[in-house]
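Visitor: I would like to go through this protein with you, one question at a time.
Guide: Then please have a look at it first.

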Amino acid sequence: MSPASFPGAEWAEQVVATLAGWGLRPELGRHALDRRGFLAGRDEDRLADVNDALRDPGVRAVVAATGGAGAYRIVDGLDLAAVRADPKPVVGFSDITNLHIALWTATGLAGVHGCVGTGGRTDESCRQLLFDTGPLTLRAEPSPVTVPGRATGILVGGNAGALSNFLGAGLPRLDGVILCLEGPQNPHFDRMLWGMLRAGLLDGIRGVAIGDLTGLDPSVADPGPDQAATVIRERLGGLGVPILGGLPFGHRADQVCLPLGVAATLDADAGRLTADSAVC
């Protein structure tokens with residue numbers, strides 16, 4: 001389905017074919033290919049597709065065909081009672097982080113930050129998280145964003161731009177959480193971290209896992225992930241918690257899918273993040 005922007009028809013077919021290849025019976029949401037400006041149709045239609053899936057006992061996972069923008073417009077209408085009665089993971093990233101945050105905050109629902117249909121380790125990791133009950137380990141690539149240490153906590157977060165939507169709009173305190181962040185960085189990233197710190201939302205945080213930081217907005221004086229690394233060190237380095245950068249999740253072609261809302265261990269010294277399955 002398409003809770004935010006619309007996919008191309010060929011891409012939607014590829015997602016469906018991938019899920020069918022796993023032995024599943026994928027059903028395309030009624031409005032998944034609708035178009036209305038940058039959105040996949042009207043808000044009420046996108047919301048209806050999501051809630052229909054959440055209420056259907058035959059549906060065991062809700063997979064977003066793409067991200068884009070617009071998922072934040074429907075979060076207040078999600079059927080939380082249906083989620084509590086029959087939990088099922090939501091799969092998606094980028095703007096779909098809005099759904100992950102809203103559902104985890106209200107119900108503790110586990111999900112998958114990532115996508116289906118690109119092949120390689122992306123599909124392999126998503127399939128593992130949906131089918132297997134064992135943990136998934138992500139190994140970090142060399143990164144200047146690392147503060148040594150080891151921590152355990154609940155893995156929460158996703159796309160930084162989407163996460164910033166919840167500042168002042170329902171983002172809870174994140175004590176006991178390992179915060180994961182990824183996404184193209186711009187000045188709003190620095191403002192978001194400042195706002196979270198000022199609001200006390202990071203008090204009691206256990207650790208920080210940093211994914212892909214490429215695609216810095218050209219309005220920043222020194223574009224590139226190095227600038228984002230500086231911002232992270234300046235804003236988060238004083239928290240006294242381990243920070244592990246260079247993790248392969250986020251806006252990259254070969255991303256590894258990441259479970260959200262589950263127990264995880266971040267070992268910055270060993271350069272790895274290990275998290276439980278997203279199987280509900």
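Visitor: How far is the backbone oxygen of Asp95 from a polar atom of the side chain of Asn98?
Guide: This is a predicted model, in which local features need pLDDT of at least 70 and side-chain atom pairs pLDDT 80 or more, while totals for chains, interfaces and linings use all residues. Residues are numbered from 1 along each chain as its sequence is written, and side-chain values use heavy atoms, with hydrogens and water left out. A polar contact is a pair of N or O atoms within 3.5 Å; within protein, one must be able to donate a hydrogen and the other to accept it, and residues adjacent in sequence count only if both atoms are side-chain atoms. Between the Asp95 oxygen and the Asn98 side chain, the distance is 2.7 Å.

Visitor: Is Asn98 buried or exposed?
Guide: With a 1.4 Å probe and protein chains only, buried means under 20% relative accessible area, exposed over 50%, and partly exposed in between. The relative accessible area of Asn98 is 0%, so this residue is classed as buried.

Visitor: Which residues is Asn98 in contact with, leaving aside its neighbours within four places in sequence?
Guide: Contact means heavy atoms within 4.5 Å. Asn98 itself lies in helix H4; helices (H or I, at least four residues) and strands (E, at least two) are DSSP runs, numbered from the N terminus. With those sequence neighbours left out, its contacts are Ala71, Tyr72, Val75, Ala162, Asn165 and Phe166.

Visitor: Which element gives the largest share of the lining of the largest cavity?
Guide: On a 1 Å grid over the protein atoms alone, a cavity is a set of points where a 1.4 Å probe fits but cannot get out, a pocket is an open set with protein on both sides within 12 Å along at least five of seven lines, and lining residues have an atom within 4 Å of a point. The largest cavity is lined by 14 residues, with His100, Ile101, Trp104, Leu109 and Leu260 nearest its centre. Two or more lining residues come from each of helix H4 (97-107) and strand E6 (150-159). The largest share, five residues, belongs to H4.

Visitor: What is the volume of the second largest cavity?
Guide: Grid points are joined across faces, edges and corners, and a volume is the space filled by probe spheres set on the points. The lining of the second largest cavity consists of Val50, Leu54, Val62, Leu78, Val90, Leu99 and Leu103. Its volume is about 30 Å³.

Visitor: How many charged residues are in the lining of the largest pocket?
Guide: Ala, Val, Leu, Ile, Met, Phe, Trp, Tyr, Cys and Pro count as nonpolar, Asp, Glu, Lys and Arg as charged, and the others, Gly among them, as polar. The largest pocket has a volume of about 840 Å³, and of its 30 lining residues Arg25, Pro26, Val59, Arg60 and Ala61 are the closest to its centre. By class the lining has 21 nonpolar and two polar residues, and the charged ones number seven.

Visitor: How far apart are the C-alpha centres of domain 1 and domain 2?
Guide: Domain bounds come from an automatic or database domain assignment, which here gives domain 1 (9-131) and domain 2 (136-275). The contact takes 25 residues from domain 1 and 32 residues from domain 2. The C-alpha centres of the two domains are separated by 23 Å.
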